[in-house]
Amino acid sequence: MKLPYGGDYNPEQWPEAVWDDDHRLFDAARIDTLTVGVFSWALTQPSLEAYDFSTLDRIVGRAAAEGRRVCLATGTGAMPPWLVREFPEVTRVDFEGREKRYGGRHNHCPSSPVFRRLSARLAGRIAERYADDPAVIAWHVNNEYGGSCYCELCAVAFREWLRKRYDDLESLNAAWNTTFWSHTFTAWEQIEPPSALTEHWKGPDFTAFQGITLDYHRFMSDALLSGYLAEKEAIGRFSAKPVTTNFMGLFRPIDYHRWAEHLDFVSWDNYPPGDDPATAARMALAHDLMRGLKGGEPFWLMEQTPSTTACRDVNPLKRPGVMRLWSWQAVAHGADAVLFFQMRASRGACEKYHGAVIGHAGRDDTRVFREVAALGAELERLGDATLGARTPARVALLFDWDTWWALEISDGPSRLVKYLDVVLAYYRALWRTGTDVDVVAVTADLSGYDVVVAPALHMVKGDLAGRLEQVAARGGTVVTTFLSGRVDVDDNAFLMDVPGPLGPLMGVRVDEWDSREREVVNPVRLADGTLVDSSLLFELVIPTTAEPVGRYENDFYAGTPAVTRNAFGEGYGWYVGAGLEQAGVDWVMRQVLDRHGPALPYPEHVEATLRVAPDGSRLRFLLNHNPEPVEVAVQAGLDLLGGQELRQGHVLLEPYGVRVIRLRG
């Protein structure tokens with residue numbers, strides 16, 4: 001056994017004579033797994049009552065004959081034209097109220113009974129036909145779920161969703177604070193989806209009633225999930241093989257925590273927005289989030305480009321070595337598969353210039369193909385060493401879609417503060433020290449962590465405040481920041497001092513806050529004399545039991561605390577009231593980590609992670625995201641990629657270099 005290696009393969013776009021070349025090249029690149037049929041609905045069901053599996057039979061059969069494994073998709077990622085012509089109600093109505101016609105792919109109404117019935121029927125037919133095929137190892141439902149709909153079907157479904165959530169209108173009116181602006185609802189039919197035609201102005205993040213819009217985000221995530229579940233249920237009538245769909249990492253529209261329990265394994269598509277070394281921390285955060293969705297279980301890297309994307313205004317090329325590096329980064333954070341989009345470049349349409357393992361000319365002597373083949377050979381040498389390995393993290397970072405939505409649809413204090421920016425700053429500070437981090441839901445069990453970091457924890461739900469107090473009481477450390485502890489699960493302000501139920505743990509109260517444009521900077525003097533800038537948001541922190549460890553330098557609140565530490569039980573609560581620049585966040589997190597044992601120092605843009613295999617082997621990953629060589633300290637062990645024994649000391653990591661070391665002892 002080894003990690004599945006391969007990716008999305010769409011041979012139906014090419015004459016069958018080309019398939020021979022494809023499989024010859026797959027052998028050369030050590031490709032052993034193909035994801036097929038992702039957009040095959042029109043091919044396998046050319047009309048309402050007609051099914052034609054002849055092409056898919058040949059694709060799956062050829063893969064099996066060549067000894068390759070297949071992740072078989074249901075083909076429902078895009079609707080065929082006949083479906084929309086016969087049932088026009090299956091398309092979406094957009095935020096501005098425009099009824100969409102046929103086209104594109106994220107174009108189905110998630111509340112459409114017709115779409116749900118026909119997509120599930122197709123999924124069932126595919127599962128019935130291929131369930132016993134030994135080449136099929138997993139089912140891939142739909143593709144990259146996302147988007148919203150505001151049609152009348154969704155309005156009706158939203159009202160039903162609200163009935164189940166609130167039981168009665170009295171509870172709903174209280175949750176939405178509808179006494180504001182005479183919005184008290186006296187019948188369910190009066191409720192409209194929040195859109196440009198109702199509660200919004202300027203755009204989706206500008207709403208008069210945050211509670212309504214927040215619930216619509218929740219509803220739409222659940223509505224899309226119900227479509228996935230319909231297909232999964234149809235598959236389950238014929239097959240017990242694992243079912244997944246491909247997530248998109250740090251993707252705001254869907255609450256992946258609500259979805260995760262319904263996937264047999266998590267898979268996701270990694271298309272980062274940049275390619276400089278700073279991108280590495282953002283990708284690591286996404287990998288750790290995906291791993292954390294199912295309690296630390298390994299995930300699949302379902303898609304990545306081997307070279308370049310095509311959907312952006314500018315599509316940078318991955319430099320030599322970067323594809324290999326980013327693939328190993330996924331494995332270092334918990335991936336048990338490395339797959340690409342796409343295996344052969346599309347002949348036409350919007351992805352004909354998207355990177356591929358095999359280009360239009362079908363050559364095996366391109367740089368990209370040689371790199372893919374070299375990585376395939378490395379994964380063969382690695383074998384099963386990392387399969388099923390877990391990450392033994394003692395630090396948790398809380399990530400919450402409700403908070404993300406609520407913070408960014410809020411009027412005030414600042415629309416310039418973005419949830420991901422704050423989360424990434426604190427994650428990056430941990431990443432730079434080589435600290436393994438579990439990125440988990442606010443409902444996760446926190447009893448096994450020494451440190452819990454909760455950046456911009458705007459919404460505090462359920463018993464979270466008490467569970468954070470327990471972390472500190474037993475000797476742990478909890479870190480949170482400005483804009484935390486502001487609202488409850490309904491996005492209503494707590495009727496208590498900021499930071500609400502986090503106040504006793506943090507030992508502070510906040511009466512006022514100052515929001516400014518990006519160029520306005522207020523330096524903060526930290527406890528050791530270090531001076532760092534802060535911007536965007538400046539909370540005026542009043543210690544109740546906490547001690548200041550950082551103070552503002554300017555404005556009328558100069559000399560007042562910007563960063564505090566509060567003794568709580570055997571541990572501490574840290575509160576960062578200012579939008580510190582990265583250097584300041586790094587300083588705070590170093591103080592926190594040092595209390596629990598100093599981390600090994602690593603050079604800039606060098607990443608270190610640890611995975612523990614089922615047999616107890618400890619696997620240290622070292623990754624150099626620099627275009628220059630870097631010397632790194634190592635423990636003694638066996639270099640699994642190079643095959644040599646390493647003594648404790650230092651090794652040279654080449655530019656974009658990788659080491660996977662099975663540690664001794």
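Colleague: What share of the 665 residues of the chain counts as buried?

Modeller: In this predicted model, 61% of the 665 residues count as buried. A residue gets that label if its relative accessible area is under 20%.

Colleague: Let me try that on one residue. Why is Tyr 656 called buried?

Modeller: Tyr 656 has a relative accessibility of 17%. The cut-off is under 20%, so Tyr 656 counts as buried. You will find Tyr 656 in the loop between β27 (649–653) and β28 (658–663).

Colleague: What makes the backbone of Tyr 656 worth a look?

Modeller: Its phi is positive, about 55°, although Tyr 656 is not a glycine. Most residues other than glycine have a negative phi. His 605 is another example, with a positive phi near 65°; His 605 sits in the loop between α17 and β22 (606–612).

Colleague: And the peptide bonds: which kind joins Gly 412 to Pro 413?

Modeller: That bond is cis, with omega near -5°, and Pro 413 belongs to the loop between α13 (401–408) and α14. A cis bond also links Val 498 and Pro 499, where omega is about 10°; Pro 499 is in the loop between β13 and α16 (503–506). As a rule, most peptide bonds are trans.

Colleague: Let's step back to the whole chain. How do you know whether its radius of gyration agrees with that of a compact globule?

Modeller: We compare two values. For 665 residues, a compact globule would have a radius of gyration near 26 Å, and the chain has 26 Å, so the two agree. The C-alpha trace spans about 75 × 75 × 40 Å along its principal axes.

Colleague: How many helices and strands does the chain have?

Modeller: There are 17 helices and 28 strands. Let's look at one helix, α10, which covers residues 279–292.

Colleague: How do you know what span to expect for α10?

Modeller: The expected span is 1.5 Å times one less than the number of residues. For the 14 residues of α10 that gives 20 Å, and the helix reaches 20 Å from its first C-alpha to its last, close to the expected value. Helix α10 is also mostly covered, with 13 of its 14 residues buried.

Colleague: Now the sheets. What makes β1 and β9 a pair?

Modeller: Two strands pair if at least two bridges are found between them. Three bridges join β1 (residues 5–9) to β9 (residues 335–340), so the two strands meet that condition. They run parallel, and Tyr 5 has Val 338 in β9 as its bridge partner. Helix α11 (residues 322–332) packs on this sheet, touching β8 (299–303) and β9, and its direction makes about 150° with that of β9.

Colleague: Which order do the strands have in the open sheet with parallel pairing?

Modeller: The nine strands run β5-β4-β3-β2-β1-β9-β8-β7-β6.

Colleague: Why are β5 and β6 called edge strands?

Modeller: Strands β5 (243–244) and β6 (246–247) each pair on one side only.

Colleague: What makes the pairing in the other open sheet of nine strands mixed?

Modeller: That sheet has the order β11-β10-β12-β13-β20-β19-β18-β15-β16. Strands of a sheet can pair either parallel or antiparallel, and here you can find examples of each. Strands β10 and β12 pair in the parallel sense over three bridges, with Ala 396 partnered by Val 452 in β12. Strands β15 (residues 524–526) and β18 (residues 547–552), in contrast, pair in the antiparallel sense over three bridges, with Arg 525 opposite Arg 551.

Colleague: Where do the side chains of Val 451, Val 452, Val 453 and Ala 454 in β12 point, and are they buried or exposed?

Modeller: Val 451 and Val 453 point one way, Val 452 and Ala 454 the other way, and all are buried. Ala 454 also stands opposite Thr 480 in β13, a strand that pairs with β12 in the parallel sense over four bridges.

Colleague: Which strands does helix α14 lie across?

Modeller: Helix α14 (residues 419–431) lies across β10, β11, β12, β13 and β20, running at about 170° to β10.

Conventions:
Residues numbered from 1 in each chain as written. Predicted model: local features only at pLDDT ≥ 70, side-chain atom pairs only at ≥ 80, totals over all residues. Heavy atoms only, no water. Contact = heavy atoms within 4.5 Å. Axes fitted to C-alpha atoms, helices over the stretch in contact; angles between N-to-C directions. Buried < 20%, exposed > 50% of the residue type's maximum accessible area, 1.4 Å probe, protein only. Rg over C-alpha atoms; globule rule 2.2 N^0.38 Å.
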